[in-house]
Every structure is written in C-alpha cells, then in structure tokens.
Amino acid sequence: MSLNTKKIVIAVIGLFFLGALLIVGGIESNKRVLGKKAYIKVSSSSQNCVDCHTVTSPSLIKQWRDSQHALKGVGCIECHGAKSTDADAWSHEGALVAVIVSPKDCSKCHANENEQFQASHHADAAKIIGSLDNVLAEVIEGDMGALALNGQSPVAVNGCWQCHGSVVKIMENGRPDPATWPNTGIGRINPDGSKGSCSACHSRHRFSVVVSRQPDSCGKCHMGPDHPQKEIYEESKHGIAFKAFKQDMNLSAQPWRAGIEYSAAPTCATCHMSATDELPVTHDVGMRISWNLRPPISEKIDAKAIQAGEHVVPWQDRREDMKIVCSKCHAKNYVEGFYMQFDSAINLYNEKYGKPTTSIMKMMKAGKVLTATNFDEELEWTYFYLWHHEGRRARHGASMMAPDYTQWHGFFEVAERFYMHFVPQVRIACEDKIRRGGEVANAAKQVLAELDSILGRDEHKWFLGKMTDDEKDRRKIAAEEFKKRYAQ
Amino acid sequence: MSMKSMSKKSKLEKLLAWAKVRIPVDVQEMKTLTNEPVPNHLKHWWFALGGTPAILFAIQIVTGIFLLFYYVPTPEQAYQSVSKISDEVAFGWYVRSIHKWASELMIVTVMLHMSRVYFTGAYRKPRELNWMVGVVILFVTLGLGFTGYSLIYDQLSYWAAVVGTEIAASVPIVGSLAADFLRGGPEITGQTLTRMYLFHVVILPALLAGLVALHIIIVRLNGVTEFEFDEEKKLEHKTFPLFPNHFLTEAILAILILYLLTLAAIIFPAGLGEVANPLMTPEHIKPEWYFFASFRWLKLTNVYVGVVGQIIFVGVLILWPFIDKIFENKFPKAELSVWIGFIGFTFYLTLTLWEALV
C-alpha cells in the first residue's frame, strides 16, 4: 500500500469514526432529556407536566425522577391521563387528567398485584363505614350536622377514613369533594368503582419498595391502643433485629427473599407478603394468616367465608405458607412450638373472656336489659375496651411474640376489665332491672344466672373464693419454691 | 528572505541551542535510533498485530483514567458508581463501553500476535527472552481483565471473582496463601475489592507498561525478525522506513480500532447485572470468555490435576523456545512446533467454545 493510499484510507476510516462519534453524541443527548439524570425518558405530553411542576411542586418531580417509573418511561400522563367518560376527568392545561390514580389505573401494568390486592381484606377496609366503629366517629365522637365538613364527620374524614379509605365523591366541577379526598386509605372506593389505593403502602411519587417494606409503612394504621401491631413488632425479637441490622436488609433488592437477598431480620412484609425461594410475592395480606383476631371472639380466617358458602384458601394452607416463611430462619420444631403457644393464648382468650362476655352482652341486648342505643351505657364501653383494645393487644401480642403486650398490656388488662368492671357492671344493671320488675326483670335474672354459671367455671372459680384444693396446693408449693429460690 | 523572518529563525535557533545545552540529545541521532528501516514483510497486515495491543493499552489508560474520576472501590458504592457512570455521567456509558470492548480486543490481539510470532518461529534464537517477556505480558493482560471485571461488583462479576480466587487457592503449596493475599482474607470482602482495585489501576498497569517497554527495547536491540515473502525477493529495497510508512499503517489500525470500538459501544453498550449478593449464588457462574478454556478444563478434571495441568501448560509456554530447540535438534525436519501449536490452539478454542455453548 502506497503512502498516499494509506493517507486516503486513514481519511476514509477517520470519516467513518467521526460518523460513529456523531451517533454517540446523539445517544448521549437523547439520554439526557431531563438534564441531570440520564436514561429518564418521558413522553412529550408528560414533558409539559414536568416542565411546569418542576417549578410549582419541585419535590414531587424530584421524587418521581428517583423512581423506577421515571427510569422505565412511565411519566405523569401514563398514570394521571383520563378519558372524557371518567367521572373525575378534568381539563388541565390542555390535557384531560384525573387526580386520583386508582388500582384500576395501576393494573394496566401491575395486573397480578391488583388481582391479589382486590381479593384481600385490605381492599375491603372501607366496609367499616356503617360499622360500630363508624358510629363512634360519626355520631358519638363526631358530628354529621352543623360541625360536619360537607355533611361528613371530621373524625371520620381525618381519622378512620385515612386508614380504611373514603368513598370518593366527585363534585360538579369534576374535582373530588374535600371531605373524601385527599385520602390514601387502603380500602378507598374510587370514582371508577375500584377499591383501594396503592399509594397507601407505596407512597407517591417515588413508589420505592424500600418504603413499602418498612414496618413504618404498615405502622401508619396498624398501631395504637386497639391494634398495636407496629409496637408489638418493635417489642419482638424480629423488630429488635430489624432496628439493629437495618443496613443489612437490602431493602431495595428485587426480588427480595428472606435467606437469599437478606437474612438479618423480617419486616411485616417479609412474613405477610414477600417472596421466599418457595413462595411468590402476594398482595393479599391474609394469605398466610390463620386466625382472624379482630372480632370479639377470634375465629379462623376462613370461617366467615365458609359460613357464607364461599370457597376460599383454607386456614391450614395459609398457616403452612407462613411456616415456609418462618422456616427460612427457624427450625421446624421451633415453628411448631410457637404455633402451639400462640393457639393456646387465643383459645384461652376466646373461652375465658371473648365468648362469655359476648354471650352476656347479646342476652342483655336481646332482653332489653341494655338499651338499643350503642355506647350509651358504661357496660358497653367496658365490653368494647375488653375485646377491641385489651383483648386484641393480648392476642396480637401472642401472634407476634411480644411478651409485654401479651401480658401487661393484654391479658392483665383484659382480666382487670372483666373482673373489676364487666362483672360488677353486669350485676348492677341486672339488679337494677330486677328491682324495677316486669319482663325485663326476668331477662336480667337469666343474665345473672348465666354470669354465675360462667364464674363457677374452673377458670373463674378463684374470683368467688372457690379455688379447688388442688389449685390451692399448687399455689402454696409455688410460693414456697419462690421463697426458697430467691431467699425471701 | 526578509530581515524579520531571519531574526525569527535566529530566535528559534537560539531556543533550540538553549534546549540542547540543557537536554543534550542529538536530534539526528534520535531520528536514526527511532526510525530504523523495517523489513518489507512488515507491510503485511498480519505483521502489524504486535502494535495493536499497544494501541489498545493506550486507549485503556485514557478511558481508565476517566472511569477513575467516578468509580468508588467500596462494596457499598462500587456497583452504584458503575451504575452512575453508565446512566448519569456524561458519555460515561461510552467511555465504559470502550474500556470494556478494548479489554476484550486487547486479549484477542495479544493472542493473535503471539500466534503469529509462534507460527513464524519468531521466538527462536536470539529472541527467546522476548518471547518469555511476551508470555508474561499475556498473563498480566489476563490479570487486568480479571481484576477489572471484578470491580463492577454485579452478581456475575462478584461470583467470577469468587471462582477465580478459589481456583488460585487450589494451586498446590502456595495456592491458599496466594488466594488469601488476593482476597485479603479467606472470603471476598471489602478488602478484596480494594486489592483488586489496586492491582487493576496501579500494580498491573505499571507492570504492563514496563514489560511493553522492555518488549519493544528487546525488539529494537534484536531487530525485527528477518523474514522474506517470495514476492519480496525481487524487490530492490529490502526495507522500508518506519516513519512515515509503518507509522501510517499503525495509524490506520489505531483509527480502525477506535471506529470498531465505537460501533461496539453503540450496538453492545457495557451492561450491568444485578448488584452483587454474597448470599445468593447465581445459577450459572461463568468467568470472562478468555478464562472459559481454563474453567472447562477444571470442570473436566479434578481440581488438583486441573490446576497442576495448567501450571505445566504455563511453564511450557514460557520455556517454549528452549523446548522447541530440543525438538528441532532431535527431529530437524518434522516441523513439530507447527503441529504442537496447531493442536494446542485447537484445544484451547474447543474448550472455549464448549464452555460458551453449555
């Protein structure tokens, strides 16, 4: 090859090289649509939203930019875009949008997650509306009249519905009624008829799994005096380990399987939702739960469905799935032993307190010893505290290995409520009705007879001073042992 | 010539004279020294292969420095920083892709250059030592590939490092010591990453630069192998100038390489798998392709035989000029070296393809 030919070859390849560099420049500029962060693609209609909202609500845009959605080209219109037939559609800067992004919208991409969620108890959380709890929020604690917001009790609007979900109403101007929105309650009834709110756990606009896997996410609602699951978890070894080794939890991993991507501790999501090497992820949080500890008398989670003639996954299968999760950290015997301990606590609560108090209350209501109005008599508050607050604390404490919640916040207070409040108040109410005579007096006598029969059972006898000789002996030996052991 | 330009020239001359006193180098002597005529056979492209790894090495140094601006060698941040280079840093994906593809091409061209040297018998007296330097260059290049790959810290990279250091551990006597030294302990930890990083950006590049310099100096001292193709026999001039003729050949290669690397970066940009997870062994652990043959060999034999076999192979490769001499003396006409080379090369390719296909 002559020198000149070589020079020509260099020129020709050089031109090709420059051409390739131009392509490199093109790729680079396409990737840098939004300036700072590359790889964020956004449709032209969403770009208008981004341009404006970067000024008006910059954090919202920043959060979205840090999301997987942004990286995958899911912009504003992809979720907020609406059809003219949508009840909540309104024209905003030339685009037809809806403020509320419902699970139906999310299901366009996340169909499986939505299907699982719709079958869950979470999706039905708004069923509380019309329940006993809601009477408290709407009538007893709150007001639906002059003190209401658009006819709704501020207690329900700000309290109950923010966890359970509101029924979103759309006003004539196409915007949601402020009494029903903002709301991210997990069972929200959306204008499109769908149930739920994905942002209840996933939060806008970053939608990070790190957030939804945090116990704090569940703790927004699962806390407080009536169902302190978050506090119970924190008291348990599980929560202690999580706090100590949070940095090892690999919370953003995908997939996120106990014993594979992380092994330091379980969170709520680990046991109730997340995948293992054997189980898939589920958005139906009840799929690994065997007991329903919510009502006055605990029942197996499939009991209601069986009563209604529906076919659901039996509680035994759900428990087996939970055991699979447990087995990622615990040996078989340990898990079996735990379930025996847990079941014994639930059985004790049901038999000693749940069933007797509920049957007495039913008798008193039916016999008109109590009025038809709920919560107008002290005994109704006592009963409510017993099962709804203290009874649940005892049961939930046992379910998630928190000894103090089981004992002092739980069974101790249940017992105190039962013996020191419930029993005397039943007696006073019945004796009052007996003094007054009439048909109600007969009902009251039957209630007292039932109460005496309950207190006459082995587990309550001590209260009547009728402890069996065996039990007396056992107590005596225990007291002596105690003195001897601790030299008191 | 005007007075003005004369005064200008004299100023330049003055400057050169000033410099010559302080840097006593004879320009003419340097020209002769660096511009030795090279034999005609170098006009064949096959004989320009030796220059290509050097060109690629230069590309690696430049792109490597750019990557160093952003890479963070800690287990917590290594993966994120590579991801940042790929996704956020301006032209980061391009620089990283060039670095990746140049590393692969560097290994290919070193191997091709060695094959050329082997099959043309250019390792024979008096060039035995340079062959040995070349073999060491090959292993340093492979070492750069291995350490560089482990820095990415995604699943495959992490587990390739695990397998690689475990292979090192199976070497008799010094193996476990060497593996512990590489890893900074019995397991892959943050220490390992620091060590891989140090090897990749300081020790091995410095070693390679020294070896390449030594390699070229020895070439210059020995002269390029005298080799004559039939059609060259009738040519009047047995040589042609290094500059500009051979220099332009290398320039064509350099620009062609840059072009091809850019195309590779555009079509197959360097990817990034899942972040390294020491708790989860992926289903298919594989080293980089250039270790496929070694990996397959180890799978076929037991670890001990596999490793000892490879040590023997490396020994034979390094000492080949002397072994070849023995063969040549015993069987002067058998051209055993060609057959052994052919069988060896085919064996390497077969093992590589086998591992690639399963």
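**Note on the predicted two-chain model**

1. Residues are numbered from 1 along each chain as its sequence is written, while chains are lettered from A and ligands numbered from 1 in the order in which they are written.

2. Helix H9 (residues 154-164) of chain A has buried residues, including Val155(A), Trp161(A) and His164(A). Buried is 20 or more other C-beta atoms within 10 Å of the residue's own, exposed 12 or fewer, partly exposed in between, with C-beta atoms placed from the backbone.

3. Two cis peptide bonds deserve a check. Trp181(A) and Pro182(A) are joined by one, with omega about 10 degrees; Pro182(A) is in the loop between H9 and helix H10 (199-202) of chain A. The bond from Lys125(B) to Pro126(B) is also cis, omega near 10 degrees, and Pro126(B) sits in the loop between helix H5 (92-119) and helix H6 (128-151) of chain B.

4. Glu93(A) is not a glycine, yet its phi is positive, about 50 degrees. Glu93(A) is exposed, with 8 other C-beta atoms within 10 Å, and belongs to the loop between strand S1 (90-92) and strand S2 (95-97) of chain A.

5. Ser203(A), also not a glycine, has a positive phi of about 60 degrees. Ser203(A) is partly exposed, with 18 other C-beta atoms within 10 Å.

Notes. This is a predicted model: local features need pLDDT of at least 70, side-chain atom pairs count only at pLDDT 80 or more; totals for chains, interfaces and linings use all residues. Helices (H or I, at least four residues) and strands (E, at least two) are DSSP runs, numbered from the N terminus.
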